[in-house]
Amino acid sequence: MKEKQIRTFKSVVLLSTPWPLFSRPSIQLGTLKSYLKSQFSSLEVVTHHFYLKVAESIGYKLYHAISERTWLAETVYAALLYPERSASIEKLFIKEAKGKPRLREVDFKDLTKRVAKVTDEFINNMNWSVFGLAGFSICLCQLTSALYFIRRIKRKFPDLPIVIGGSMFTGVSAKNLLKMFPEIDFVIIGEGELPLSRLISYLKDSSNLEDISHIPGIVTPETFNLEYPVVFSQIEDLNSLLPPDYDDYFDILKTFNEEKTFFPTLPAEISRGCWWQRSAVSDNKSGCAFCNLNLQWKGYRSKNPDQVVAELDHLTSKYRSLSVAFMDNLVPEKTSGEIFDKLSKLEKDFRLFCEIRATTKRRVLESMERAEVQEVQVGIEALSTRLLKKLNKGTTAIQNLEIMKNCEELGIVNTSNLILHFPGSDSDDVKETVQNLEFAVSFRPMRFVHFWLGLGSPVWQNPKDFGIKAVFNHPNYATLFPPEIYRQMVFMIQAYRGDLGYQRKLWQPVKRKVKEWKKAYDEIHSGHVHSLILSYRDGKDFLIIRQKRLSADPLTHRLEGMSREIYLFCRQHRSLKRILQQFPKLTEDRLIPFLKMMVDKKLMFEENRKYLSLAVPIK
Ligand code: SF4
């Protein structure tokens, strides 16, 4: 056990290093600062959203382009940590920068020099000896930068205890990290509030490190094996939390000259965990097969609507900004309607972002639109119901198309992903995707993303179920880190041996189709006021549907009487049985040819005898 001196313990410093989005303060730092201040009235809690300084120093556009890709981001400080590896790290940077016009001209050596300058100035000008503890929040893209800071600080201030935490560390990934990086004294597994405040209480009051093993949620090199799997220690009731404190981020921003200043987006949270994951437990798997977003939480918790509304009101008034991004993996199923209704009553012209499931009800989306939710990320992931089942997504293609249509109609920008190369997907999944893409072309295009294997995800835990023969660290880590570290650590991004070569060929037609979709969508909208591709006007006893086409005149269709009524009834997807119930005079023999004609013209979508009208009303 290490000997520690009794330190004067008046302040702690918490840091977030590059490369998070520069335009938002760190919610991790903001929340921890508020919590610690509420627990220790005389403790000074200094937070450094240091990434903002780097962004300002190298330029926002360059910073943003780097921060968008994990491997690009991790190369910069890896080259500073391991200068002897910089030639191969530079090659990785160049490879990852391909296809990014902003990065084509970047000289990697010059970039690392500029980043080193601003970083080293910051580290050297700070008197770290005044702090009783330094904590690092490490999420995706922050591993090498945080390690660089820790090494440099610890070299100069060996007695300063260092604690790290964040979504990069589950129990298994923390294990050898402590062995490989002895500069780190403690790792928090799970959320930070309770373990960190207990650690501070301990360090304030005691020099006896024997008891340190008894802090739940904290591991040390000595206690890791005893503690694994680590017991989480988390806040039971999120309503007990105060709003995050972003003062330190705004203080940095105030020091920038006028051209460099901007109105940041304020991160907020309603919940922690994932209600879908909690409910979708089957065959030892829970939640979406590819997801490892909830490793740092046990269970699901959410704040009550009044508290969320009060927090947003407080944060936007205090920081004089109206853009808010909810950081929840997905906003709550039950209370979202109430939250957004109440937010709209504040009558603030917010600009909100949140992540939602495809099952989100139309009335909740309408509440979101009234509250000025301008952008959502819907967990669509696939347009094949077969594949959605393999992903354990709990949704179907028709639900996905319905929410895409609803977003288009409500003017909410939907930025969703289509996952390609999912292990175990087959030609029938691809065929279904290609067919269904034909029906999605009038809605905002999705981005395709290649499946990556996340540590702790259901696929990683049950690789054989997905045809995976072996899992191991992603080989890019072997470029970033020396061999012994690559071998001994378990990193968050994993690679696998399985059917990847087959998947790459298999998904080519979908890639082509998505590219065509984007091109056509952009061209149809270019040069005009943004107008809908597939829309209708209602004449009360007839309906005119207008279908815009690329390089061709629009098609128009008129639906009279009952055809109009059926079309309007299917604005939300309806089963054949339900349509027949609604229109008792109609027989199946008459209905089916009409529906088939509508599907053939791509005006409706059909799946498993359920029908969805695709056109949206002109407002
Ligand atoms: S992808 Fe989203 S909905 Fe699925 S388990 Fe993860 S957090 Fe939950």
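**Labels and their grounds**

Author: Val54, Ala55 and Ile58 in α2 meet Tyr60, Leu62 and Tyr63 in α3, where two residues are in contact if their C-beta atoms, placed from the backbone, lie within 7 Å. The model is predicted, with local features needing pLDDT of at least 70 and side-chain atom pairs counting only at pLDDT 80 or more, while totals for chains, interfaces and linings use all residues. Residues are numbered from 1 along each chain as its sequence is written.

Reader: Why are α2 and α3 called oblique to each other?

Author: Their axes come within 6 Å and cross at roughly 125 degrees, the axes being lines fitted to C-alpha atoms, for helices over the stretch in contact, and the angles running from 0 to 180 degrees between N-to-C directions. Angles under 35 degrees count as roughly parallel, over 145 as roughly antiparallel, 65 to 115 as roughly perpendicular and the rest as oblique, and therefore α2 and α3 are oblique.

Reader: How do the residues of the contact of α2 with α3 divide by class?

Author: The contact of α2 with α3 has six nonpolar, no polar and no charged residues, where Ala, Val, Leu, Ile, Met, Phe, Trp, Tyr, Cys and Pro count as nonpolar, Asp, Glu, Lys and Arg as charged, and the others, Gly among them, as polar.

Reader: What makes α19 roughly parallel to α24?

Author: The axes of α19 (residues 427-440) and α24 (residues 508-525) come within 10 Å and cross at roughly 15 degrees, and so α19 counts as roughly parallel to α24. The crossing is left-handed, a label given if the near helix is turned anticlockwise from the far one by less than a right angle, with right-handed used if clockwise. On the α19 side the contact is made by Val430, Thr433, Val434 and Leu437, and on the α24 side by Pro509, Val510, Lys513 and Trp517; these residues divide into six nonpolar, one polar and one charged.

Reader: Why is α1 called oblique to α10?

Author: α1 and α10 (residues 193-205) pack at an angle of about 45 degrees, with their axes 10 Å apart, and that angle makes α1 oblique to α10. α1 passes α10 in a right-handed crossing. Leu32, Tyr35, Leu36 and Gln39 of α1 make the contact with Glu193, Leu196, Ser197 and Ile200 of α10, which by class gives five nonpolar, two polar and one charged residues.

Reader: Into which domains is the protein divided?

Author: The protein is divided into domain 1 (11-227), domain 2 (265-467 + 499-525) and domain 3 (534-617), with bounds that come from an automatic or database domain assignment. The C-alpha centres of domain 1 and domain 2 lie 28 Å apart, and their contact takes nine residues from domain 1 and 11 residues from domain 2. The side of domain 1 that touches domain 2 has two nonpolar, five polar and two charged residues.

Reader: Where does Arg320 lie, and what is its phi?

Author: Arg320 is in the loop between α14 (305-319) and β12 (323-326), and Arg320 has a positive phi of about 55 degrees although it is not a glycine.

Methods. Helix = DSSP H or I, 4+ residues; strand = E, 2+ residues; numbered from the N terminus.
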